[in-house]
Amino acid sequence: MTDLILILAIFLALFGGIAALLVRSAFDKLICLGILTAGVVLFLVEKGYLDVAIVVSLLMPVGTIFILLLLGKKQEAAK
Amino acid sequence: MIVPPEFIVGCILLLAGVIFTAYPREKTYLTRLINMEVAEFGLVFIMLSFNETLALVTFVAVNVVTTLIFVRVIEKKEGA
């Protein structure tokens, strides 16, 4: 059971990270970054660091909102 | 000696993130900023494998402030 969660976390983190690096559109990059964050939170919960999981879950959307602030001004990012 | 899986995942993410930050597919500031976040998560994974709780909390909290400062800098640079 624990191994299944570990395999799932590795899958989420690796695929989210590689996809965030390879995809060209900036909005798609942010979505793939969300998948990577899901993998990080799953790893943290599996190792028992619930306080760090709280911090990551609360602060990563704030960083995404900051990047989105920059992204709203670019017209060519929407294509 | 057995290597924990989060260390391997962290090393892969850190190396790939650094390489793609240096040589991105589209050479814009925004692409480099988002690719740098992937490398930051790789460092989070490596610190997780060494059981450094306080370092993890501090690094994640400071990352958001760093992102805010970079966003302000890129806004000024692209607005000029």
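**Two chains of helices: group meeting talk**

I will start with helix 3 of chain A, where the buried residues are V52(A), V56(A), M60(A), G63(A), T64(A), I67(A) and L70(A). Please keep in mind that this is a predicted model. Those buried residues pack against helix 2 of chain A, and also against helix 2 and helix 3 (53-79) of chain B. So much for its surroundings; now its length. The 22 residues of helix 3 of chain A should span 32 Å at 1.5 Å a residue, and its end C-alpha atoms are 32 Å apart, which agrees.

Let me step back to chain A as a whole. The chain has three helices and zero strands, and from the N terminus on the order is α-α-α. The C-alpha trace of chain A spans about 45 × 25 × 15 Å along its principal axes. Of its 79 residues, 29% count as buried. Among contacts in chain A with a separation of 6 or more, 42% are between residues 24 or more positions apart.

Next, helix 2 of chain A, residues 26-47. This helix has 22 residues and reaches 32 Å from its first C-alpha to its last, close to the 32 Å expected at 1.5 Å a residue. Which residues of helix 2 of chain A are buried? They are A26(A), K29(A), C32(A), L33(A), L36(A), T37(A), G39(A), V40(A), F43(A) and L44(A). They cover an arc of only 160 degrees around the axis, so they sit on the same side of helix 2 of chain A. As a reminder, an α-helix has 3.6 residues a turn, so residues three or four places apart point the same way.

What do the buried residues of helix 2 of chain A pack against? Within chain A, their partners are helix 1 (2-22) and helix 3 (50-71). From chain B, helix 1 (5-22) and helix 2 (29-49) take part. Just after helix 2 of chain A comes G48(A), with a positive phi of about 95 degrees.

Now the interface. Here 30 residues of chain A are in contact with 32 residues of chain B. On the chain A side, the elements giving two or more residues are helix 1, helix 2 and helix 3. The largest share of that side, 11 residues, comes from helix 3 of chain A. By class, the side of chain A that touches chain B has 25 nonpolar, two polar and three charged residues.

The axes of helix 1 of chain A and helix 1 of chain B come within 10 Å and cross at roughly 5 degrees. With angles under 35 degrees counted as roughly parallel, that makes helix 1 of chain A roughly parallel to helix 1 of chain B. Helix 1 of chain A makes this contact through L6(A), I10(A), A13(A), L14(A), G17(A), I18(A) and L21(A). From helix 1 of chain B come P5(B), V9(B), I12(B), L13(B), A16(B), G17(B) and F20(B). By class, the contact has 12 nonpolar, two polar and no charged residues.

I will finish with helix 1 of chain B. Its 18 residues should span 26 Å at 1.5 Å a residue, and its end C-alpha atoms are 26 Å apart, which agrees. The buried residues of helix 1 of chain B are E6(B), V9(B), G10(B), L13(B), L14(B), A16(B), G17(B) and F20(B). What covers them includes helix 1 and helix 2 of chain A, together with helix 2 of chain B.

Note on methods: Residues numbered from 1 in each chain as written. Chains lettered and ligands numbered in written order. Predicted model: local features only at pLDDT ≥ 70, side-chain atom pairs only at ≥ 80, totals over all residues. Helix = DSSP H or I, 4+ residues; strand = E, 2+ residues; numbered from the N terminus. Expected span 1.5 Å × (residues − 1). Buried ≥ 20, exposed ≤ 12 C-beta atoms within 10 Å, placed from the backbone. Arc of directions from axis to C-beta. Contact = placed C-beta atoms within 7 Å. Nonpolar A, V, L, I, M, F, W, Y, C, P; charged D, E, K, R; others polar. Axes fitted to C-alpha atoms, helices over the stretch in contact; angles between N-to-C directions. Parallel < 35°, antiparallel > 145°, perpendicular 65-115°, else oblique.
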